[in-house]
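Could you walk me through this structure, one selection at a time? I have it open in my viewer and I'm new to this.

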Amino acid sequence: MKYILFIITILFLQQVNAQSIGFEIKGTLVSNDDDKLPLESATVYLERKKDSTVVSYTITDEKGAFFLEGKTKDKELNFNITYIGFKSLRKSLDLTKGGIIDMKEILLKPDANELNEVVIRLTPPIVVKKDTLEFNVRSFKTKKDANVEDLIKVLPGAEVDAEGNITVNGKPVNKVLINGKPFFGSDPTIATRNFPKDIIEKVQVLDSKTKSQAFTGEDSDGENKTINLVIKKENNKGVFGRAAAGIGTNGKYEYAGMYNHFDNDQKISVLLGGNNVNSPGFSFGEIREMFIGGDGNRAFSGGQGIVTSDNAGLNYADNYGKNVEFSSNYFYAGSDSENKSSRERENILSDGRFYTDSNSSSFSSNDNHSVNFEIDIKKDTMWLFNISPSFKFSKSTTTSNSNENSFNGDRELINESTSSSDVANDSKNMSTGIDITRRYGSKGGFVRLGTDVRISTLDTEDFLLSQTNITSDSSKNTSRNQYATKENSSQTLGASFTYRMPIISKELFLDLGYSYNRNKNNSDKRTYDYNESSQEFDTENLDLSTDYTNIDESHVPKIGVNYTAGKIRLRLTSSYRFRTLENEDDLRPIYSLKRQFNNLEQNVDFRYRFSQKSSFNLRYNLRNNPPNLSYLQAFEDVSDPLNTVIGNPNLSPEKNHNINISFNNFNFQKRTGLYGFISGEIIKNQTISKTSIDSVLIKQTTFTNVDGNYRILARIGASKKIQFTDLTSLDVRLRAGPGFNRIVNYNNDVFYVSKVLSFSPSLGLRYEWRDVMDLETMYIVSYTNNQYDLSSLENQNFTYHKVSVSTTSRIPKGVEWSNSIDYNYNPNVSDGFQKSSWFWNMSLSYSVLKDKGLISLKAYDLLNQNTNARRVATQNYIEDSQSTVLKQYFIVGFSWKFNTLGDRGKGGRRGRGGFRVGGGRGRH
């Protein structure tokens, strides 16, 4: 870490001493009328005269004040101001005099568009429109050949982690749209890692909303953000994409391709990828992945250990007339995975300890298909129909082998078990959601009806061969050679109604609603023992067979008040849930049951927006969760010879109180960001498992309710961008915050309380020298302290360290050299497990064919030290584990990109707006 800081210090001093002109500019912006009102959230920025590159920018505060500072090698810059509804202002500033330039009070005229008046149209780097933050892509410089993820990384307030997850001012981004439409389902990284930055005109950040909420103008809860990528008009017709392949050492390979055809509203995209290097897609010679699969409904590849995957997808979207929008996508994901793992667990009991050592191996194969549609029909400005059918089909097979040995505190063998199984699954899922929204009047009222139908089936075949031996009592030994079939089917019907009545136009509303949900789940499992006489699996084992139907039905009326005016938003919602859980056991009718759970639920949501840049939020939720039906069934589940599970039909529902307080602020004047939150949760009647263990380490588990569980979590994040010159900058990011859990539980039938304190601060630095290099580093330390009120349980402390360094060099021209280095240190793992490791990936690429081709060399795990050894500590055990990891390899690859977007501009002249108007060749 000290070497990294040393390098950054040297670069810092180098830039400070560079031949640059420092500037400080301040002033106040007011309207040019009798009131002279301050203009908040106007964009003020400086740009170079020769190429319009933005040098510095800011947003006026609530008093209309602004302050710009920085360094530049230019003696003169253009000073610009833009504000919606007012005329833009531009003037030239001479910076050679030095000192503070005080613009004093600047009067901005309303945009009346008078005849014979020359109107200046500027494109500011940032525009604030109510709850939408809009970035002009041209104002933010990135590396050559950048994708959208690279662009987002340089936007103020935005952060992107190694998995491609995006946050903006501390809020997670859960949706990325292309011109307002979804692209390849709900996984944002498909768009951010595959779309080139050059075709994007604007990046808009807004609160995530459903289609119906956007149509009615409702506020969302603001907890998640949506990014909308606006494509340049001239880039909305043509084709673009990329194709690549690579081959490496030890039989490693990867391939990928993507084709996009855009014709205004019609968009067709095809992607294809595969590899045997544990990547969901292909990296085109770079460290990061091209195709990433984070959608839980559709994973692009799956499994643990060494994974070989093949993936394909098709996306189609179009408008039919002015009132119908249609989008669809298809995905195929196939994978084979092989994994071996080993675990050493120290089990903590109230009267002693015992140990288990286990090893397992598995091979699995998965094939998944999914088809999704979404249709929006606007009959007129008052009606919206949304229909979203979805179909998913999957098949999988898994072969696994395992063995486990259990020892007492003196490390004497107590029991041992071995198991091997072959499992095949075949599942089908279908769902259809229909929402109908009708707005009425002009005051914000609406009526909404929604239905949701889901049908699924799962068929399973399982061959099991197992042996369990008890060292001191052979009469308790268990041998199984069995074949089992299981047929599961589920039908869910949901319906909802919402009526919003305006009390004060567009400010105060009364919401009345009702929802109904019914889930029926049928499960029929038949287990057959192997018959030595007939040599067939024809002897049914009723102890390991089940045949039941579960029904979960809810009726929920609700009433709410919604107030939004000026800087305040307040929502108060109360509902009463009438819930019935029913189990019909055809195999064991004595265990059939029916329980009624009726509970009040409440929600409070308050937001105060100090300005467009900062806000305060307070949320409270009261929820009641009934016990899982499987916890209520009182029959003995003996599927695990070493752990018999018995349900408890007398369980009470959990009552959950949750409160969250958050604050966020981004100061465009000082390039600082600050966000934080504190959340607390109190759980009454929490359902926990209660296990007793006998002398030969055979468990008997049931379930009970306990009080006294609560948790508190706090986080604060701060960021600061230091601009040294036009070309160099340093981003500093700090995160920290404690967490505290009070856990009430049982240990071998003995009641106890544990307290867990955790703290995980991190510091990140990112130095950028535009078009030359990037240097990014992150340090994370994680500390956990476990305390118990039982004298037989020892308090535990755990510490984990991680240092990450990423570098990218872009010199000489056409060459890009990237490195990613991680150092992990886990001092608490047991002997025999690797405590520390260096993990270094490197890639080197060279542009050819006029930057349309890329030759690359990628080195994975350059030091050959990759490991996933880890320690997990709970109130009942401490476990060290490690499993199969991908080892060192090298791959040589080639990628080729194509792009005809904007070709209609060929032969014309391009100016600042994009097109040229005369002779000459256009750039494409």
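Start with an open sheet of 3 strands, ordered 4-1-7 with mixed pairing. A strand here is a DSSP run of E, at least two residues, numbered from the N terminus, and two strands pair if DSSP finds at least two bridges between them. Strands of a sheet pair through backbone hydrogen bonds, either parallel or antiparallel. Select 65-72 and 100-108: these are strand 4 and strand 7, the edge strands, each pairing on one side only. From one strand to the next, the twist averages 20°, an angle between lines fitted to C-alpha atoms, taken in N-to-C directions on a scale from 0 to 180 degrees.

Click on I25 and you'll find L68 of strand 4 opposite.

A quick word on what you're viewing: this is a predicted model, where local features need pLDDT of at least 70, side-chain atom pairs count only at pLDDT 80 or more, and totals for chains, interfaces and linings use all residues. Residues are numbered from 1 along each chain as its sequence is written, and side-chain values use heavy atoms, leaving out hydrogens and water.

Next, jump to D749, in the loop between strand 40 (738-747) and strand 41 (750-759). D749 isn't a glycine, yet its phi is positive, about 75°.

Then try D861, between strand 47 (853-860) and strand 48 (870-873). Its phi is positive too, near 55°.

Which of these counts as buried? D861 does, at 0% relative accessibility, while D749 is partly exposed at 43%. Buried means under 20% relative accessible area, exposed over 50%, and partly exposed in between (1.4 Å probe, protein chains only).

Last stop: the cis peptide bond joining I811 and P812, with omega about 0°.

Technical notes:
Helices (H or I, at least four residues) and strands (E, at least two) are DSSP runs, numbered from the N terminus.
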